[in-house]
Amino acid sequence: MRRRPANGSIFQGGYVALTSGARAGQVGDILTIQLVERTIASKSNSAGTTRDGNIGLTPPTTGPLSLFDPSDVAMGGGSQFKGKGDAAQSNMLSGEVTVTVAAVYPNGTMLVKGEKLITLNRGDERVQIAGLVRSADVSPDNRVLSTRVANAHIRYTGKGEIARASQQGWLQRFFSIISPF
């Protein structure tokens with residue numbers, strides 16, 4: 001157990017319950033977050049419209065307009081649209097990230113933050129996590145499931161040639177923006 005600097009009182013506030021063992025609960029303590037994230041989403045929509053219109057005039061049989069045949073002044077129009085869209089996404093993230101306790105709130109909830117940087121032969125991978133952990137969710141070996149982290153901000157990013165290969169080039173992005181199709 002770490003000792004806090006003396007504050008001049010008899011009681012120094014270093015009390016830890018006998019049943020809590022070595023569980024993290026103070027600023028600077030270390031926790032391991034087990035990443036068990038899995039999301040599945042799908043969306044589908046369709047739309048259809050039809051519009052039709054006709055107009056017909058019968059020209060008079062006498063006078064200067066009698067020259068027109070009834071088929072000369074008939075008009076018609078139509079419009080039809082059909083659209084359909086589907087989207088599906090599935091994500092999974094597993095592993096572990098060790099974080100530190102950045103703050104402890106009066107109710108015992110801990111703000112945790114941490115990151116892991118992995119350099120592989122073809123690029124860098126970075127996993128960052130921050131969020132709130134209840135002290136009751138901390139296991140005896142100082143592990144917490146990521147599904148038990150409130151207000152979790154989990155960020156998984158990569159740099160390198162493989163990350164660049166999965167992105168559109170600048171010219172392709174430009175034409176995607178200006179293209180009406």
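1. The side chain of Thr32 makes a polar contact with the side chain of Thr98, at 3.4 Å. Thr32 sits in strand β1. Is Thr32 buried or exposed? Its relative accessible area is 13%, so Thr32 is buried, because anything under 20% counts as buried. Keep in mind as you look around that this is a predicted model.

2. Setting aside residues within four places in sequence, Thr32 is in contact with Glu96, Val97, Thr98, Asn142, Arg143 and Val144. Take Asn142 from that list: Thr32 and Asn142 are 110 residues apart in sequence, yet their C-alpha atoms are 6.3 Å apart in space.

3. Asn142 belongs to the loop between β4 and β5. With a relative accessibility of 15%, Asn142 counts as buried, because the cut-off is 20%. Which residues does Asn142 touch, not counting those up to four places away in sequence? They are Ala22, Arg23, Ala24, Ile30, Leu31 and Thr32.

4. Time to step back to the whole chain. The protein has two helices and six strands. Among contacts with a separation of 6 or more, 60% are between residues 24 or more positions apart.

5. A word on confidence. The mean pLDDT of the protein is 76, and 64% of its residues reach 70 or more. Where is confidence lowest, and where is it highest? The lowest value belongs to helix α1 (residues 161-165), with a mean of 57, and the highest to β5, at 92. Where pLDDT is low, the predicted coordinates should not be read in detail.

6. Next, the surface. The accessible surface of the protein is about 14,200 Å², and carbon and sulfur atoms hold 56% of that. Of the 181 residues, 15% count as buried.

7. And what about the inside? In soluble globular proteins, nonpolar side chains tend to be buried together. Here the largest nonpolar core has 16 residues, and Leu31 and Val133 touch the most other members. Elements giving two or more residues to this core are β1 (30-55), β2, β3 and β4. The biggest share comes from β2, with four residues.

8. Leaving aside neighbours within four places in sequence, Val133 is in contact with Leu31, Gly108, Thr109, Met110, Val112, Val138, Val144 and Val149. One of these, Thr109, lies in the loop between β2 (75-104) and β3. Thr109 is buried, at 14% relative accessibility. Its side chain makes a polar contact with the side chain of Asn107, at 3.0 Å. Beyond four places in sequence, Thr109 touches Ala103, Val104, Leu132 and Val133.

9. The next feature is a hairpin. Which two strands form it, with two residues between them? They are β3 and β4. Strand β3 (residues 110-120) and strand β4 (residues 123-133) pair in the antiparallel sense over 11 bridges. Two positions let you follow the pairing: Lys116 has Val127 as its bridge partner in β4, and Leu117 stands opposite Arg126 in β4. In a regular strand the side chains alternate between the two faces of the sheet.

10. Val127, the partner of Lys116, is in strand β4. At 7% relative accessibility, Val127 counts as buried. Not counting residues up to four places away in sequence, Val127 touches Leu35, Val97, Gly114, Glu115, Lys116, Arg155 and Tyr156. Val127 and Gly158 are 31 residues apart in sequence, with 8.9 Å between their C-alpha atoms.

11. One last stop: Thr147, in the loop between β5 (143-145) and β6 (150-160). Apart from neighbours within four places in sequence, Thr147 is in contact with Val36 and Glu37. From Thr147 to Arg38 the separation is 109 residues in sequence and 9.6 Å in space, C-alpha to C-alpha.

Notes
Residues are numbered from 1 along each chain as its sequence is written. This is a predicted model: local features need pLDDT of at least 70, side-chain atom pairs count only at pLDDT 80 or more; totals for chains, interfaces and linings use all residues. Side-chain values use heavy atoms; hydrogens and water are left out. Two strands pair if DSSP finds at least two bridges between them. Contact means heavy atoms within 4.5 Å. Buried means under 20% relative accessible area, exposed over 50%, partly exposed in between (1.4 Å probe, protein chains only). A polar contact is a pair of N or O atoms within 3.5 Å; within protein, one must be able to donate a hydrogen and the other to accept it, and residues adjacent in sequence count only if both atoms are side-chain atoms. Accessible areas come from the Shrake-Rupley method with a 1.4 Å probe; for residues, only the protein chains shown count as cover. pLDDT is the predictor's confidence in each residue, from 0 to 100. A nonpolar core is a set of buried Ala, Val, Leu, Ile, Met, Phe, Trp, Tyr and Cys residues joined through side-chain atoms within 4.5 Å.
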